[in-house]
Amino acid sequence: MKRREFMAVTAVALALPSLALAHGPTRQKVTLTAEVAADPAEVWAAIGNFQDMSWHPAVFDSSGAGGNAIDATRVLTLGQAGGPTISEILYKHSDEKMSYSYRITEVAVEVLPVTNYSSHVTVKPRDGGGSLVEWRGAFYRGYPNNDPPPELSDEAAIAAVSAVYQAGLDALVERFGAPGS
């Protein structure tokens, strides 16, 4: 190898580690599940309507247009009248598979510290009776650049999404009971 080629290869090799650190955020994923005593059809009847998220304790009101059709929209008002909002759009819905998928189109990072968020909710039959409810999401943290402030970090995004999912799943267990209870 000629000296010039060796120097070029060496320069690239030395630069690679710093380039890896400068790539920005990575897509985060959260999946939580809950087992409930009710049959899947009963659980789906409670959560399968994209326009109605009244089953979630953080949601004060949900309104929207389009029902369960692709590109239906909803706006969730959190906490109380006049509370912060999250706007979402439906991109998959199947009563047969008891699942739907949606994306957030607008949310303040102070409300939910994420960007480019998509989520999937499904209800499945559980071995031995009852249902398994799965809620999974993928997203980027609320701060798109390197060195995010703590409240907009990967950890903050994961914790916030996990808390939303857990609160909703806990409400379903409270409503329908846990298997065997």
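Predicted model: local features only at pLDDT ≥ 70, side-chain atom pairs only at ≥ 80, totals over all residues.

Analyst: Residues are numbered from 1 along each chain as its sequence is written, and side-chain values use heavy atoms, without hydrogens and water.

User: Which residues of helix α2 are buried, and why do they lie on the same side of α2?

Analyst: An α-helix has 3.6 residues a turn, so residues three or four places apart point the same way. Helices (H or I, at least four residues) and strands (E, at least two) are DSSP runs, numbered from the N terminus. Buried means under 20% relative accessible area, exposed over 50% (1.4 Å probe, protein chains only). In α2 (residues 40-47), P40, V43, W44, A46 and I47 are buried. They cover an arc of only 160° around the axis (directions from the helix axis to the C-beta atoms), which puts them on the same side of α2. The face turned away carries the exposed A41 and A45.

User: How many aromatic pairs are found in the whole structure?

Analyst: Rings of Phe, Tyr and Trp (its six-membered ring) pair if their centres lie within 6.5 Å; planes under 30 degrees apart count as stacked, over 60 as edge-to-face and the rest as tilted. The search finds 8 pairs. Among them, W44 and Y100 are tilted, at 6.1 Å centre to centre and 55° between the planes. This pair links helix α2 to strand β5, 56 residues apart, and both residues are buried.
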